[in-house]
Amino acid sequence: ESFATILVQPQIVSKKIAEAGIGETELTQRLPNALASAREAALSLAIDDPSRARIEAAHRAGAAALGARDARKARAAVLELQQLKDDLNIALTVRIVSRPNEYSGVFRIPDNAPGARNYYLIVEAVDGSGRAHSLEIASEEDQATRRVEKWGVRVPESVFNAVAADKKDDSIIENAVIGEKPKGKLAPEYGKIDGAGGAILEW
């Protein structure tokens, strides 16, 4: 039994040393390089300041994680930057959701203004084949930002009523496209509707 212990112990110690070496290499070489590469790849596609600021924020979070020797958070930052790069690299069309058993619009009554209503169209961002893509959207209700495939964009009452009438006619929204997510930018733009802006993530 003591002979077996003599043989096994060096192997255990050697394995721990090897694992420690891999971890150190990851923290001092692999992850820093991956973080820098992901940042540069995303920045090379960004064409506006808000997108660049979002990239730099993700990079700072990764750098802070490396400083704290938190490999898990550093890896998450690399993945986040890679996702931002993918978002930047595609142009999407923003359209009103118009499917059976799904809302195309909702309204809210603000807590601080019970006599008022805020109107929202439920939208999604789709590529050329009609496939929906998730985007980071900030809620105007609680300032939370989440990656979602559908969100509500606030519009004037007149626009909301026009869409409702359009859908009521034959359950199809003829003018469903209200904006775009341009290549090189992260945020959607609602150029087809004057006064559109602000979003909700739940309804």
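Visitor: Which side chain of opposite charge is nearest to Asp48, and how far away is it?

Guide: This is a predicted model. In it, the nearest side chain of opposite charge to Asp48 is Lys185, 5.0 Å away. A salt bridge requires the nitrogen and the carboxyl oxygen to be within 4 Å.

Visitor: Where does Asp48 lie in the chain?

Guide: Asp48 belongs to the loop that runs between α1 (2–43) and α2 (49–67).

Visitor: What does its side chain pair with, then?

Guide: The side chain of Asp48 makes a polar contact of 2.5 Å with the side chain of Ser51. Leaving aside residues up to four places away in sequence, Asp48 touches Gly184 and Lys185.

Visitor: Let us change topic. How many residues are in the largest nonpolar core?

Guide: That core has 23 residues. Those with the most contacts inside it are Leu121, Val123, Trp151, Val153, Val155 and Ile178.

Visitor: Which elements supply at least two residues each?

Guide: They are β1 (92–96), β3 (118–126), β5 (135–138), β7 (150–155) and α4 (157–170). The largest share of this core, four residues, comes from β3.

Visitor: And what does Leu121 touch?

Guide: Residues up to four places away in sequence are not counted here; the contacts of Leu121 include Ile96, Trp151, Val153, Phe160 and Ile193. Apart from this core lies another, of 19 residues, among them Ala65, Leu66, Ala74 and Val78.

Visitor: How many aromatic pairs does a search of the whole structure find?

Guide: The search finds two. In one, the rings of Phe107 and Tyr119 have their centres 6.2 Å apart and their planes at 50°, so the pair is tilted. Phe107 lies in strand β2 (residues 105–108) and Tyr119 in strand β3, so this pair ties together parts that are twelve residues apart in sequence.

Visitor: Is Tyr119 buried or exposed?

Guide: Tyr119 counts as buried because its relative accessibility is 10%. Phe107, at 37% relative accessibility, counts as partly exposed.

Visitor: What about the rings of Tyr119 and Phe160?

Guide: Their centres are 4.9 Å apart and their planes stand at 50°, so that pair is tilted. Tyr119 is in strand β3 and Phe160 in helix α4, so the pair ties together parts that are 41 residues apart in sequence. Phe160 counts as buried, at 14% relative accessibility.

Visitor: Which residues do the ring pairs link into a cluster?

Guide: The cluster links Phe107, Tyr119 and Phe160.

How values were computed. Residues are numbered from 1 along each chain as its sequence is written. This is a predicted model: local features need pLDDT of at least 70, side-chain atom pairs count only at pLDDT 80 or more; totals for chains, interfaces and linings use all residues. Side-chain values use heavy atoms; hydrogens and water are left out. Buried means under 20% relative accessible area, exposed over 50%, partly exposed in between (1.4 Å probe, protein chains only). Lys and Arg count as positive and Asp and Glu as negative; His and the chain ends are not counted. A polar contact is a pair of N or O atoms within 3.5 Å; within protein, one must be able to donate a hydrogen and the other to accept it, and residues adjacent in sequence count only if both atoms are side-chain atoms. Contact means heavy atoms within 4.5 Å. A nonpolar core is a set of buried Ala, Val, Leu, Ile, Met, Phe, Trp, Tyr and Cys residues joined through side-chain atoms within 4.5 Å. Rings of Phe, Tyr and Trp (its six-membered ring) pair if their centres lie within 6.5 Å; planes under 30 degrees apart count as stacked, over 60 as edge-to-face and the rest as tilted.
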